[in-house]
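Please open the structure in a viewer and keep the sequence beside it.

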Amino acid sequence: MNGVIALNKPAGLTSHDCVFKIRKILKTKKVGHTGTLDPEVTGVLPICVGEATKLIPYLTDDRKKYIGEITLGFSTTTEDAHGEIIDQKKVNRIITREEVLKVLNQLTGEIQQTPPMYSAVKVNGKKLYEYARAGLEVERPTRTVTIFEITLLDDREIFEGDTISFKFEVFCSKGTYIRTLAVQIGEILGFPAHMSYLTRTKAGAFSIDDCVTFEELEEHTSTDTINNVMLSMEQALSEYPRLDVNPEEEVKVFNGGFFPNNMNCKEGEFIAVYNDNNKIIAMYTPNPKNNKVIKPTRVFHNQ
């Protein structure tokens with residue numbers, strides 16, 4: 001059983017909870033998720049099964065798309081709706097659509113973010129939320145993330161009230177915290193804010209339309225139709241640049257051979273290598289010592 005299941009994660013479960021539940025449903029131990037979703041966040045969570053667990057580093061790297069809601073008027077310890085209120089200020093003026101769009105545009109492109117204390121980012125070997133639960137504040141590393149696009153999902157021309165909420169869609173790089181983005185939007189508008197709702201609608205090649213629920217997964221398992229919802233490794237990596245090799249070159253791949261970097265792939269980027277049976281047999285990346293050639297980072301022997 002090798003492939004990827006796009007799970008429509010429900011609220012209230014950690015990503016590890018989802019892996020544990022799928023192990024029980026499929027009766028197999030070789031299961032892993034491709035990047036943490038907070039317990040209250042719903043939506044696309046790709047789950048790798050069998051040989052496809054080797055894809056996890058590449059699927060974790062993928063770009064993500066979310067629909068979120070920001071609420072202006074108060075901020076919380078966790079930067080979402082589930083933390084304790086730490087700052088409160090009534091929205092004492094009208095905020096215009098033009099003003100919101102200007103802020104969203106300002107936060108498009110490469111931006112700096114400091115991960116929230118309630119997050120899984122590690123500092124000195126411990127996760128930040130472990131420090132937070134112990135009542136400790138530690139220095140957090142600032143990171144650069146990329147916001148490719150933010151779209152306002154609200155037709156109003158003006159926003160008014162003691163608290164104001166509006167939805168937006170974000171297309172972003174890995175490592176982006178939408179909770180923190182909501183706080184940043186609030187800061188620029190001049191009010192404490194938090195993320196009041198979030199669902200992930202896309203992760204790499206997987207969209208919400210590809211997803212199945214736990215109930216659907218159990219049904220497919222009981223009727224022996226699991227392959228109907230198990231996406232192939234090729235489908236999972238379909239958004240990566242592709243290199244096709246002939247049988248002679250395939251031998252070279254399995255021997256760890258290098259190839260010219262004809263696609264001008266940059267350091268940290270990957271190319272999916274396919275054999276003449278249209279199967280992915282390896283992932284390649286530029287050689288750090290000579291970026292004019294690419295070298296294998298993972299070879300899939302069971303393909």
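**First stop: E239**

Select E239, which lies in the loop between α7 (233-236) and β16 (242-244); helices (H or I, at least four residues) and strands (E, at least two) are DSSP runs, numbered from the N terminus. The model is predicted: local features need pLDDT of at least 70, side-chain atom pairs count only at pLDDT 80 or more, and totals for chains, interfaces and linings use all residues. Residues are numbered from 1 along each chain as its sequence is written, and side-chain values use heavy atoms, with hydrogens and water left out.

E239 is partly exposed, its relative accessible area being 49%. On this scale buried means under 20% relative accessible area, exposed over 50%, and partly exposed in between (1.4 Å probe, protein chains only). Which residues does E239 contact, leaving aside its neighbours within four places in sequence? They are K202, G204 and A205, where contact means heavy atoms within 4.5 Å. The side chains of E239 and K202 are joined by a polar contact of 3.0 Å. A polar contact is a pair of N or O atoms within 3.5 Å; within protein, one must be able to donate a hydrogen and the other to accept it, and residues adjacent in sequence count only if both atoms are side-chain atoms. Although E239 and G204 are 35 residues apart along the chain, their C-alpha atoms are separated by 7.0 Å.

**The whole protein**

Now display the entire chain. The secondary structure comes to eight helices and 20 strands. The C-alpha atoms fill a box of roughly 70 × 50 × 40 Å, taken along the principal axes. Of the 303 residues, 46% are buried. Among contacts with a separation of 6 or more, 68% are between residues 24 or more positions apart.

**The nonpolar cores**

Next, select L72, I95, F166, L181 and I185, the residues with the most contacts inside the largest nonpolar core, which has 48 residues. A nonpolar core is a set of buried Ala, Val, Leu, Ile, Met, Phe, Trp, Tyr and Cys residues joined through side-chain atoms within 4.5 Å. A second, separate core of 22 residues includes V4, A52, M283 and F300. In soluble globular proteins, nonpolar side chains tend to be buried together.

Centre the view on L181. Beyond its neighbours within four places in sequence, L181 is in contact with L107, I111, Q113, I147, I150, F168 and V170.

Then move to L152 in strand β11 (residues 143-152). L152 counts as buried because its relative accessibility is 9%.

**The largest pocket**

Select T36, L37, D38, A120 and Y177, which lie nearest the centre of the largest pocket among its 37 lining residues. On a 1 Å grid over the protein atoms alone, a pocket is an open set of points where a 1.4 Å probe fits, with protein on both sides within 12 Å along at least five of seven lines; lining residues have an atom within 4 Å of a point. The pocket has a volume of about 1100 Å³, a volume being the space filled by probe spheres set on the points, which are joined across faces, edges and corners.

**Cysteines**

How many disulfides does the structure hold? There are zero, a disulfide being a pair of cysteine sulfur atoms within 2.5 Å. For C18, the nearest cysteine sulfur is that of C211, 11 Å away. For C48, the nearest is again that of C211, at 13 Å. C18 is buried, with a relative accessible area of 0%, and C48 is buried at 0% as well.

**Last stops: loops and a helix cap**

Select K27, in the loop between α1 and β2 (31-33). K27 is not a glycine, yet its phi is positive, about 55°. Is K27 buried or exposed? At a relative accessible area of 73%, K27 is exposed.

Finally, go to N246, which caps the N-terminal end of helix α8 (residues 247-254), with a side-chain oxygen 3.1 Å from the backbone nitrogen of E248. After α8 comes G256, whose phi is positive, near 80°.
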